[in-house]
Amino acid sequence: MKFALDIIDWQARAPGLSEATEWLHWAQHPCGIDPNAPQAKLTALPMMTARRLNSGSKLAVECGLNMLRKHNIDAVLYTSRHGELERNYRILNALAEGQPVSPTDFAMSVHNSAVGNLTIAARQPAVTSSLSAGMDTFQQGLCEVICLLQAGYQRVLIVDFDGALPEFYHSGMPAAMPCWAFATALVIAPGQELSCETTSDADGAEAALPQSLQFLQHYLCGEPEFSIPGERLTWHWSRS
């Protein structure tokens with residue numbers, strides 16, 4: 001598999017990281033992300049909307065709103081490996097205990113909840129989609145972005161995110177899997193700035209960072225070539 005693209009703009013949120021200068025320093029001085037660090041205050045997301053969203057969806061809609069206000073976006077893709085797991089856990093827990101299910105939890109439990117709330121908060125109709133593909137969710141999302149660009153859309157917003165994973169699931173997860181909320185937003189256009197080619201030599205090992213943050217780290221460092229491992233494929237990137 002081969003494809004190429006241009007990145008027009010980006011924004012990201014994670015514990016202790018929100019401003020571009022913070023992300024640049026983080027990328028140039030590689031270190032882990034402290035899950036106990038506070039998330040920065042939300043500035044774009046309306047308070048009433050924020051109250052309805054879970055930790056990851058808040059960050060995803062916040063980043064999405066900022067990108068929509070800065071650029072003329074033709075299509076939007078939200079990618080999330082675990083989706084609304086926080087909310088679905090609450091539903092399952094309520095059912096297990098014989099308690100009534102929250103109507104809000106039920107209505108907001110679907111995988112495309114975040115991107116739906118983005119268009120509502122932005123009051124802006126748009127072509128939208130939501131995708132999940134396990135460990136390779138972000139990279140498969142970029143393949144979907146390429147399809148949208150080839151269909152004629154000139155500016156595509158992709159937001160990769162996940163929420164804080166409920167402690168109930170921690171014992172069954174790989175030790176390295178991130179459990180904290182984050183969001184990475186990229187505005188992508190047709191171009192040849194970055195090229196990607198896959199090879200089938202991945203070992204499927206869990207990384208300490210989600211794929212989108214691995215990508216952002218390499219991208220901000222200006223590395224001419226870098227690779228991101230996946231479940232079955234390794235994604236090799238190069239700059240033109």
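Asp105 and Arg87 pair through their side chains in a salt bridge, 2.8 Å from N to O. A salt bridge here is a side-chain nitrogen of Lys or Arg within 4 Å of a carboxyl oxygen of Asp or Glu. The pair joins distant parts of the chain: Asp105 sits in helix α5 (residues 103–107) and Arg87 in helix α4, 18 residues apart. This is a predicted model, where local features need pLDDT of at least 70, side-chain atom pairs count only at pLDDT 80 or more, and totals for chains, interfaces and linings use all residues. Residues are numbered from 1 along each chain as its sequence is written, and side-chain values use heavy atoms, with hydrogens and water left out.

- Asp105 is buried, at 9% relative accessible area. Buried means under 20% relative accessible area, exposed over 50%, and partly exposed in between, with a 1.4 Å probe and protein chains only.
- Arg87 is also buried, at 3% relative accessibility.
- A network of salt bridges links Arg87, Arg90 and Asp105.
- Glu86 belongs to helix α4. Glu86 is buried but has no salt bridge; Arg90, the nearest side chain of opposite charge, is 5.5 Å away.
- Neighbours within four places in sequence aside, Glu86 contacts Asn54, Ser55, Gly56, Gly163, Ala164 and Pro166. Contact means heavy atoms within 4.5 Å.

**Other salt bridges**

- The whole structure holds six salt bridges.
- One of them joins Asp9 and Lys70, with the closest N and O atoms 2.8 Å apart. The two residues lie 61 residues apart, Asp9 in strand β1 (residues 2–13) and Lys70 in helix α3 (residues 55–70).
- Asp9 is buried, with 13% relative accessible area. Lys70 is exposed, at 54% relative accessibility.
- Arg81 and Glu206 form another salt bridge, their closest N and O atoms 2.8 Å apart. This link spans 125 residues: Arg81 is in the loop between β2 (75–79) and α4 (85–96), and Glu206 is in the loop between β5 (182–199) and α8.
- Arg81 is partly exposed, at 25% relative accessibility.

**Helix α8**

- Helix α8 covers residues 211–221, and ten of its eleven residues are buried, so the helix is largely enclosed by the rest of the structure.
- The buried residues of α8 include Phe215, Leu216, His218 and Tyr219. Gln211, Gln214 and Gln217 are also among them.

**Overall fold**

- The protein has eight helices and seven strands. Helices (H or I, at least four residues) and strands (E, at least two) are DSSP runs, numbered from the N terminus.
- The radius of gyration is 17 Å, close to the 18 Å that the globule rule gives for 240 residues, so the protein is as compact as a globular protein of that length. The radius is taken over C-alpha atoms, and the rule is 2.2 Å times the number of residues to the power 0.38.
- The C-alpha trace spans about 55 × 40 × 30 Å along its principal axes.
- Buried residues account for 49% of the 240 residues.
- Of the contacts between residues at least 6 apart in sequence, 73% join residues at least 24 apart.

**Surface and charge**

- The accessible surface comes to about 11300 Å², with 52% belonging to carbon and sulfur atoms. Areas come from the Shrake-Rupley method with a 1.4 Å probe; for residues, only the protein chains shown count as cover.
- There are 15 positive and 24 negative side chains, and the centres of the two sets are 11 Å apart. Lys and Arg count as positive and Asp and Glu as negative; His and the chain ends are not counted. Each charge is placed at NZ of Lys, CZ of Arg, CG of Asp or CD of Glu.
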